[in-house]
Amino acid sequence: MAGEPAASMSVEPGAGLKIPRHIGVIMDGNGRWAKLRGKRRTEGHVEGVKSLRGLVEHCINYGVSYLTVFSFSSENWSRPTDEVSFIFNLLRRFVASDLQRLIRNNVRVRIIGSRDGLEPSLVKLIDDVEAKTRANTGLTLVVAFNYGSKAEIVAATRHLAREVAAGRLHPDDIDERRLGDALYTAGLPDPDVIIRTSGEQRLSNFLLWQAAYSEFVFVDEHWPDFDETSFLRVLETYSQRDRRFGGIGTTAR
């Protein structure tokens, strides 16, 4: 991250903004950002990491408890091999350069997604960063890496099916809570708001189960251009939403 959080930036009670407990982000547009500037796609990914560092700081400063970012989709394997390798190396560099800062800032890191197909050294790195930040009690940074929501739901269903086959679980005992506990995100609250950058308006296989009652905010900026001003606009938009969860909202007559 660029530096330590500035306490003066924190939102005080009554400032007029509702602060989401959990924010999800689809960080889209790195390649398009680079193309517009005549740069290589990989340079867009480098700038995207800088925006991620900034977002982590904003979440700390404004009191967000959970931040889940979509960093590498299971569908992204179809991209050129050199770009995939570059993205994987970016994760390594992010951990190497930012781990101590994350620890100092009391950030807990969880990395969710399939470990299948990942190099053993990368799996070890993931395990290491989770272990070293596990005791932290501030912002929980969840990195969805090699992640696809449909595959996550299938894996959870298979787990429950094995429990039933082994006689440890009755089919009638399977409910939303049990399925939720079998997902990668077990123990995390569902996202209050999901942000997608770069003008796209779809979930792209991100947190499909968890997003059942999330608010969606789509912004035009490509991810490398997402800054504190963009973040505040999202908070302002979220603060105007009337979350009803299937009931009658506070503004209904």
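A residue counts as buried when its relative accessible area is under 20%, and as partly exposed between that value and 50%. In this predicted model, D192 is therefore buried, with a relative accessibility of 13%. D192 sits in the loop between α6 (176–181) and β5 (193–196). A polar atom of the D192 side chain lies 2.8 Å from the backbone nitrogen of H22. Beyond its neighbours within four places in sequence, D192 has contacts that include P20, R21, S214 and Y238.

Y238 is also one of the buried residues of helix α7, among them F231, V234 and L235. These buried residues pack against β1 (22–26), α2 (41–62), β5 and β6 (215–218). The 12 residues of α7 (228–239) should span 16 Å at 1.5 Å a residue, and the end C-alpha atoms are 16 Å apart, which agrees.

Side chains of opposite charge can pair when their charged atoms come close. The model has 17 salt bridges, including those tabulated here.

| Salt bridge | N to O distance |
|---|---|
| E200 and R32 | 2.8 Å |
| R115 and D127 | 3.0 Å |
| R115 and E130 | 3.7 Å |

R115 in the loop between β3 and α4 and E130 in helix α4 are 15 residues apart. E130 is buried at 13% relative accessible area, whereas R115 is partly exposed at 28% and D127 partly exposed at 39%.

R32 and E200 also belong to a network of salt bridges with D28, R196 and R202.

Conventions. Residues are numbered from 1 along each chain as its sequence is written. This is a predicted model: local features need pLDDT of at least 70, side-chain atom pairs count only at pLDDT 80 or more; totals for chains, interfaces and linings use all residues. Side-chain values use heavy atoms; hydrogens and water are left out. Helices (H or I, at least four residues) and strands (E, at least two) are DSSP runs, numbered from the N terminus. Buried means under 20% relative accessible area, exposed over 50%, partly exposed in between (1.4 Å probe, protein chains only). A polar contact is a pair of N or O atoms within 3.5 Å; within protein, one must be able to donate a hydrogen and the other to accept it, and residues adjacent in sequence count only if both atoms are side-chain atoms. Contact means heavy atoms within 4.5 Å. The expected span of a helix is 1.5 Å times one less than its number of residues. A salt bridge is a side-chain nitrogen of Lys or Arg within 4 Å of a carboxyl oxygen of Asp or Glu.
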